[in-house]
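Work through the exercises below with the sequence and the structure open. Each task is followed by a solution in steps.

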Amino acid sequence: MQRILTAIMFILPVMGLAQNQPDTLKARALDEVVVTASRVIESILVSPVSVQKVSAKATALSPALSFFDGLENVQGVHMITPSLGFKVLNARGFSNTTNVRFAQLTDGMDVQSPHIGGAIGNSLGPTDLDIASVEILPGTASALYGMNTVNGVANFFTKNPFNSEGLSVQQKTAVNHLNDSHHKAKPFTETTIGFAKIIAPKFAFKVNGAFTKGYDWIASDQTELNGNANSSTQLFGTDNPASDPVNKYGNESSNRKTITLGGKRYVVSRTGYQEAEVVDYNLQNIKGDVGLYYKVAPGAVLTYTYHFGLLDNVYQRANRFRLENYFVQQHGIQYQSASVQARLYVNSENTGRSYNLRSMAENMDRSYKSDNDWYADFTKGFNSAITGGVAVADAMRQARTAADAGRYLPGTSAFNAQLQKLQDINNWDVGAALRVKADFVHAEAQVSLTEKYLKAWKDKYELDILLGADHRTYIIVPDGNYFVNPEPGKEGKNITYGKTGGFISLNKDLFQKKLRLGMILRADKNDYFKTTFNPRLSVVYSPVHDHNIRVSFQTGYRFPSIFEAYSNVNSGGVKRVGGLPVMSHGIFENAWLANSITSFQQAVLNDINQNGLTQNAAIEKNKGLLKKNSYTYLKPEHTKTWEAGYKGLFIDRALFVSADLYFNRYSNFIAQTNMNVPLSTDAAAIPHDLYDKARQAQYRMYTNSRSVINNYGFSVGLNYQLEKKWVFGANTTFAKLKNAENQDGLEDGFNTPKWIWNGSVSRTNIAGNLDATVSYKWQSGYYSQTFLVTGNVPSYSSLDAQVTYRVPALKSLVKVGASNLLNKYYVSFLGGPSVGGMYYVTLAVNVQ
C-alpha cells in the first residue's frame, strides 16, 4: 500500500532519511499503487480519477522545510499560508482559510478540528520522520468519502513499525524575517524524534514527537477598506476619520458612528489597534503520536493510534485569532485485512486561551472609555479645535487625540495586563476569549466482497464489489458565547449533530482488462436534511499498460459544518448565527439586507450634507433603496463534476506524463450574508430604525447562495529521469471561474490563481554522497473575496534550493536549504501575513 514512485513527485518537499539512490521509472512503474482514489489497492496508472502520490524517497531531495510545506508544489494543489504554523491545502477553486471542502486524513482517519470543520495545518498529521507517502485526490470525492470532500482529499500514510524499527532524530535550525520591515531576524527550531520497536513477532509499537518554536509571519496590510465613508465632506486618505486598514482592528463598521459636527454629518470610528499590537507572534507547536500494532492473522493488523497537538500560532476565519494552548487530539482503532477495513476514532479540541484579535482590539478601546463617552469627548475636542480656527481635517485629528486620552498604549504594563484580562472574558461584547470544546466520534467499515467472500465472482466475471458504511456524531459543549443549545429545556446541555452514510462500489474489467468500468452509489442522511445520493461513474481505457485514459462523472454534497449550523456568537455588535431553523427562526423572516441599508444610509448622509435636507426628509426620499431579506434556512451544498485524464510513460519509461481536465458545477453554496432586523414592526418606522444603528439588530447569517457557478481547469505534470542521477520535473495547473447563473454575490470567492507553475531539477551523487535540488514556483495574481477583505492578490514567485550530504556509515545526513531563497516577500491571500525567506540547516540521524 505504501510502495513508492519517485517519478510522480518531482519538486516535492519533505525531509527524509533516504540512503538509497532513486530507482528508475522502468523498475517502479509496473507496481506503483494507490488506495485513496477507490479505497482499495490499485495501480496508479489505472486510477479512475486524478490522484497524485508523494513518496518519502522523492521528498528527501526537496528544498521545502517539511513534507507538508512541500505539498504546495504538487500538481493540481493550491496552498495558502495564514500562519507559519498553519497552512491550508485546496484543489480546484474556492480556497478559504478554513477549508471545509477539502479533507485531510492520516492513515484514513479525518484529522479535522471539530468546531473549525477543517484541519489546522498538519497539527494532527505525521512528523517528517514518520511520513511514508501522501496521496492527494484533487476534486470531488463525496461518493467514497462523504462530507467535506467536494474539493478533494489528502491522505497521509505513516510508517509501519514492523518495517521501520529503530530510533531517528532530526534537528532543524533556521532563520526568517531577514530584511523584514516589520521585525528583525528571528530563529526557528524544530526537534523531531521517532522510535519504533518490534516487541514480538506479532506486536510492535512506535512513538513520535516534534517540538517547534519560532516567530510567525506578520500581517500588516494597510489597504484602506472604508475610504469613501466621508466622501460627502471630501475627507479622504489620512484625513478620513473613519479609516479602516485591513490589518487594523477595532475600527470596523460596528466601531463607527455618524455624528453631527459643525452642522454636518461625519462618519467617525474608534481608533483601534494594529494586528501586531494585540497578538503574540511567538509560535510554539508540540505534537506527538503513539501507535500499537498487532498482527491478528497473516495480512490482518489491528492498530491503536493516539495523536495530539498543542498549538500557539495564528488562525483565520472571518477574523484572525491567536491560538494559545489550543489542544487537539485523536484516539483511533483500526482493523485492516485484504477484504475488511474498519475504523473507530474520536477527535477532540479545546481552544485553551485563544482569542479573537478584532474583539481584543475593540474591547481594549471600550474598556478604558465607553463609546458614548469617547464620542462625546471627540465632539468636544472637535468643537474646541474649530473655535480656535483649525481646519476640519486637523480638527478631526485633534479631536481624536483628546478622546484617546487615557487609552491603553501597546507595550505598557497597563496594556499587557488588560490584554490578559480580556483574553479570559468569554463574551465578545466585552472580551475576546475563544473558549470552545468540541468532539466528534466517527465509525466506518468497508468490505471487499469479491476479495474473499465472493472470490469466484471476481475470477469468473472480473468483477469487484466493495460495500462501505460510516457514521459521525459531533458533540459541542455550549460555552455561552460561541455555541448555545437552542433546544427548549436543553439549555447548557451538549449539542449533538450527526450523519450516517453508506456506499456500494462495482468495478468490471472487460477486453482482457483493457477496459475498466466503475460505478459507485452513495447515500447520506444528516439529522436536519433529507437523504442525499451521490453517484460516481468511471471508465478507464488501457490500450497498452503504459498508456491509460480515463473519464468520470460524479456528484457531491456538503452538509453544513457545526460552525455554519450552530454558531451563535456576537462579534463586534454583529451576531453570527447558524443557518439551521432551530438557530435562526424569526431572523430571516424579519430582516433587511445590510448592503441595501449601507447604500440607504450613505444616500441619506449625502442628502443631509450636500442638499440640505432634514434627516426625516432624506430618509423618506431614499427608503426605496432598502431591500427586504429573501434568503432562508440552510440546505446542503451540491456539486457535479466531469473529469477526464491521462497517465503514461515514454522514452523507455524514463518520462512520466500525468494530465487531467475537469468541469465543475456548484449550486446552493453555503455562504454568509449580513442582514439587520429593525426593532420596530411598524412599516412607517422601519426606515427610521434602519438609519439608526441603535434601533436595529445586526446579524451575519449562514444561508445558501442562489448562484450556480461553473468552473473548469486542467493540470499537466512531466517527470523525466536521466541516467538514474538527474530528475527533471514540471507541472502546471489552470483554474478558471466560468460565468455564474442567478448570481447574487453570496457565493464563496473563487480565491484561486488562474495559473500555477512548478519546476525543479535534482541531481544525486554530485560528488560522492552529495545531492542537490533547485525548484521554482510561480502563480498568477487572483481576485480574492473574504469577509475580512476583498481585492486583488498579486502574483508571486519563489525560488527554493537545498544541498544534502549523506553519511551512510553513520546513517545520517546534513541538509542546507532555503525556501524563498531570494527573500521576496509575498502574501498568499489578502489579509494574511507577508511570507519571506526561510533559511535552514537540518541534521538527521537514524539509529537502528
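Predicted model: local features only at pLDDT ≥ 70, side-chain atom pairs only at ≥ 80, totals over all residues.

**Exercise 1.** Describe how helix α14 and helix α15 cross.

Solution. Begin with the axes: those of α14 (residues 594-611) and α15 (residues 615-622) come within 9 Å and cross at roughly 135°. An angle over 145 degrees would count as roughly antiparallel, and 65 to 115 as roughly perpendicular. The angle therefore makes α14 oblique to α15. As for handedness, the crossing is right-handed.

**Exercise 2.** List the residues through which α14 and α15 meet, and sort them by class.

Solution. On the α14 side are F600, A603, V604, D607, I608 and N611. On the α15 side are Q615, A618, I619, K621 and N622. Sorted by class, the contact has six nonpolar, three polar and two charged residues.

**Exercise 3.** Are K499 and D470, which form a salt bridge, buried or exposed?

Solution. First, the bridge: the N to O distance is 2.8 Å. Next, its place in the chain: K499 lies in strand β25 (residues 495-510) and D470 in strand β24 (residues 463-477), 29 residues apart. The cut-off for buried is under 20% relative accessible area. K499 has 2%, so K499 is buried. D470, with 9%, is buried too.

**Exercise 4.** Apply the accessibility test to the salt bridge of R695 with D689.

Solution. The closest N and O atoms of this pair are 3.3 Å apart. R695 is partly exposed at 36% relative accessibility, whereas D689 is buried at 5%.

**Exercise 5.** How many salt bridges does the whole structure have?

Solution. A search finds 43.

Definitions and conventions. Residues numbered from 1 in each chain as written. Heavy atoms only, no water. Axes fitted to C-alpha atoms, helices over the stretch in contact; angles between N-to-C directions. Helix = DSSP H or I, 4+ residues; strand = E, 2+ residues; numbered from the N terminus. Parallel < 35°, antiparallel > 145°, perpendicular 65-115°, else oblique. Left-handed = near helix turned anticlockwise from the far one by under 90°. Contact = heavy atoms within 4.5 Å. Nonpolar A, V, L, I, M, F, W, Y, C, P; charged D, E, K, R; others polar. Salt bridge = Lys/Arg side-chain N within 4 Å of Asp/Glu carboxyl O. Buried < 20%, exposed > 50% of the residue type's maximum accessible area, 1.4 Å probe, protein only.
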